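User: I have a structure to go through for class. Can you walk me over it, starting with the terms?

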Amino acid sequence: MSVRAVEKTSGWELEERLWEQGYAPVAGVDVGGRGTLAGPAVGAAVILPAGGPRFYDSKCLSPAQREQGEREIIECALAWGVGVAWLAEIEERNILGATHLAARRALRRLREQVVPGALLTDYLRLDEPEPVFPVARADSLSTQAAAAGILAKVTRDRLMREMARCYPAYGFDSNKGYGSPAHLAALAEHGPSPLHRRTFAPVRRTMEAGK
């Protein structure tokens, strides 16, 4: 089923408020993988045609709907970009710093196509040249933030499936690095892989228990 056909769909109300204040175009920004125990953080930024197709929060979509959404977003977007912050950068900068880095890299690619007049983020307080409007749960309120969330989620899931081939014991293809019971059990049995975030408490506790 097309993501556009999902009954509950994020709207344009937040963007319309910003347009009325003279901000245009507005880009939606989101980052996936902030709370996982392994793998990168992936940011995305999207500018859609005003009043165009609507997209819904990626967490409420099936994998197939997210994949379809990615195709539709890329097809209709005026501009879009994706950026990755890798494990070493997460460990060095902490997850907040790495989240901002992933968003900054996505925005750099977006600006190569269209320079936004403002950024509407899923509560990311970014330090960027444009005015930034961080809104809690923006990916469930704004169709552009939702679209950014879909791009970030699909890109990150694809990376985790690739990483699962190298480290099959942890089930990254199914848990995507989140702390599921099976993932935590594998972590306790095998210890952390090179993809695990050693500064995160569940991973750190596993390492301490293995001493």
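Analyst: Contact means heavy atoms within 4.5 Å. Helices (H or I, at least four residues) and strands (E, at least two) are DSSP runs, numbered from the N terminus. This is a predicted model, where local features need pLDDT of at least 70 and side-chain atom pairs count only at pLDDT 80 or more, while totals for chains, interfaces and linings use all residues. Residues are numbered from 1 along each chain as its sequence is written, and side-chain values use heavy atoms, with hydrogens and water left out.

User: What do the buried residues of α2 pack against?

Analyst: They pack against β2 (41-47) and α4 (143-166). Buried means under 20% relative accessible area, exposed over 50%, and partly exposed in between (1.4 Å probe, protein chains only).

User: Which residues of α2 are buried?

Analyst: Q65, R66, G69, E70, E72, I73 and C76. C76 counts as buried because its relative accessible area is 17%.

User: On to α4. Where does D157 lie, and what does D157 touch?

Analyst: D157 lies in helix α4. Leaving out residues up to four places away in sequence, D157 touches R66 and K176. R66 is also one of the buried residues of α2.

User: Is D157 buried or exposed?

Analyst: Buried, because its relative accessibility is 7%.

User: And L159, what does L159 touch?

Analyst: L159 is found in helix α4 too. With residues up to four places away in sequence not counted, L159 touches P40, V42, V84 and W86. L159 and V42 are 117 residues apart along the chain, and their C-alpha atoms are separated by 9.7 Å.

User: New topic: what volume does the largest pocket have?

Analyst: About 280 Å³. On a 1 Å grid over the protein atoms alone, a pocket is an open set of points where a 1.4 Å probe fits, with protein on both sides within 12 Å along at least five of seven lines; lining residues have an atom within 4 Å of a point. The volume is the space filled by probe spheres set on the points.

User: How many residues line the largest pocket?

Analyst: There are 15, and V31, G32, G33, K59 and Y178 lie nearest its centre. Helix α4 gives the largest share of the lining, four residues.
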